[in-house]
Amino acid sequence: MQLRSEGAHEEGGNRDWSVSTVQFTGDSAGNVKQLHAVRVDSKLQPVPGTEFTLEADLVLLAMGFLGPVRNGLLDHWA
């Protein structure tokens, strides 16, 4: 694994692995304020007693790649 240091790391950002988001909390206007998480084991199961909270102003969800848009020729072969 190759880890590169980006600007965010040079400014004090941290890398953290094996973490699963449990929930978000926010204010009455619907703005996110906190992210609640738990550490997970190699089977992605929560590790009891490892819950923690991070303050947040913005949350971006990485949804992953779901495949090409299927239309025309691809519909026939799917």
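**The loop and the sheet**

Guide: At 43% relative accessibility, Ser 18 counts as partly exposed (buried is under 20% relative accessible area, exposed over 50%, partly exposed in between, with a 1.4 Å probe and protein chains only). The model is predicted, so local features need pLDDT of at least 70 and side-chain atom pairs pLDDT 80 or more, while totals for chains, interfaces and linings use all residues. Residues are numbered from 1 along each chain as its sequence is written, and side-chain values use heavy atoms, without hydrogens or water.

Ser 18 sits in the loop between α1 and β1 (helices are DSSP runs of H or I with at least four residues, strands runs of E with at least two, numbered from the N terminus). The phi angle of Ser 18 is positive, near 60 degrees, although the residue is not a glycine.

Arg 15 belongs to this loop as well, between α1 and β1, and is partly exposed at a relative accessible area of 33%. Leaving out residues up to four places away in sequence, Arg 15 touches Leu 3, Arg 4, Ser 5 and His 9 (contact means heavy atoms within 4.5 Å). From Arg 15 to Leu 3 there are 12 residues in sequence and 9.9 Å in space, C-alpha to C-alpha.

Next comes Asp 16, whose side chain forms a salt bridge with that of Arg 39 at 2.9 Å, N to O (a side-chain nitrogen of Lys or Arg within 4 Å of a carboxyl oxygen of Asp or Glu). This pair connects distant parts of the chain, 23 residues apart: Asp 16 lies in the loop between α1 (7-10) and β1 (19-26), Arg 39 in strand β2 (32-39). Side chains of opposite charge can pair when their charged atoms come close. The search of the whole structure finds 1 salt bridge.

Three strands make an open sheet in the order β1-β2-β3, with antiparallel pairing (two strands pair if DSSP finds at least two bridges between them). At the edges are β1 and β3 (52-55), each pairing on one side only. From one strand to the next the twist averages 30 degrees (axes are lines fitted to C-alpha atoms, for helices over the stretch in contact; angles between N-to-C directions run from 0 to 180 degrees).

On one side of β2, 7 bridges join β1 to β2 in the antiparallel sense, and Gly 26 stands opposite Val 32 in β2. These two strands form a hairpin with 5 residues between them, and Gly 30 in the turn has a positive phi of about 90 degrees. With β3, strand β2 pairs antiparallel over 4 bridges, and Leu 35 has Leu 54 in β3 as its bridge partner.

His 36 also lies in β2. It counts as buried, at 18% relative accessibility.

The chain leaves β2 for the loop between β2 and β3, the place of Leu 44. Leu 44 has a positive phi of about 65 degrees without being a glycine, and it is exposed, with 65% relative accessible area.

Accessible areas come from the Shrake-Rupley method with a 1.4 Å probe; for residues, only the protein chains shown count as cover. Leu 61 lies in the loop between β3 and α2 (73-77) and is exposed at 61%.

As for the whole protein, there are 2 helices and 3 strands, running α-β-β-β-α from the N terminus. Of its 78 residues, 8% count as buried. The protein exposes about 7100 Å², of which carbon and sulfur atoms supply 54%. Among contacts between residues at least 6 apart in sequence, 9% join residues at least 24 apart.
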